[in-house]
Amino acid sequence: MLLQAKARRSMPLPSGLSSRRAFSCRKNMKELVIQEWYENLVEECKAIITEAVFTSRWALVEGYWKLGERIREYSSNLPITKLLQGLGVSIGKSEQTLWYAVQFYDKYPKLEEVPEGKNISWNKIITKYLPAPKELPVP
């Protein structure tokens, strides 16, 4: 307890905030924390952030799956290496990223079959479920 109080005193104050004002802010925070409406607000804000992170993570996974699907549709027009090289330059993505998208689509042609369902990140797909990175095939 004494250590916490000491740490609070030694924490730098935001510019323009006097120690008297900081004490007042801490006192107001203690009063807020015990009010039920404030606790509800905190929980609602946490839920909003959690939902946004979850939604954005899945949107990225879904987007890369669609990218892999689209590239695979056109891969008969050109050798895959040349297609990925040209496309990478044109859309500002690395060949490796595009190759991951194609591998992802090839391995999971139905998005609902992705392991862990919607609770997965693009990074986890790359590191856990796709083959280790290797050189792209040479035409």
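Which residues have the most contacts inside the largest nonpolar core? The model is predicted, with local features requiring pLDDT of at least 70 and side-chain atom pairs pLDDT 80 or more, while totals for chains, interfaces and linings use all residues. Residues are numbered from 1 along each chain as its sequence is written, and side-chain values use heavy atoms, without hydrogens and water.

**View 1. The largest nonpolar core.** This core (buried Ala, Val, Leu, Ile, Met, Phe, Trp, Tyr and Cys residues joined through side-chain atoms within 4.5 Å; buried means under 20% relative accessible area, 1.4 Å probe, protein chains only) has 17 residues, and Val61, Phe104, Val114, Ile120, Trp122 and Ile125 have the most contacts inside it. Two or more residues come from each of α3 (36-74), α5 and α6 (122-129), helices being DSSP runs of H or I with at least four residues, numbered from the N terminus. Another core, of seven residues, lies apart from it and includes Ile80, Leu83, Leu98 and Trp99.

**View 2. Packing of α4 and α5.** The two axes (lines fitted to C-alpha atoms over the stretch in contact, with angles from 0 to 180 degrees between N-to-C directions) come within 9 Å and cross at roughly 120 degrees. Ile80, Leu84, Gln85, Leu87, Gly88 and Ile91 of α4 meet Glu95, Leu98, Trp99 and Val102 of α5, contact meaning heavy atoms within 4.5 Å.

**View 3. Ser94 between the helices.** Ser94 lies in the loop between α4 (80-91) and α5 (95-107). Its side chain makes a polar contact with that of Thr97 at 2.8 Å (N or O atoms within 3.5 Å, one able to donate a hydrogen and the other to accept it; residues adjacent in sequence count only if both atoms are side-chain atoms). The C-alpha atoms of Ser94 and Leu84, ten residues apart in sequence, are 8.4 Å apart.

Terms used
Buried < 20%, exposed > 50% of the residue type's maximum accessible area, 1.4 Å probe, protein only.
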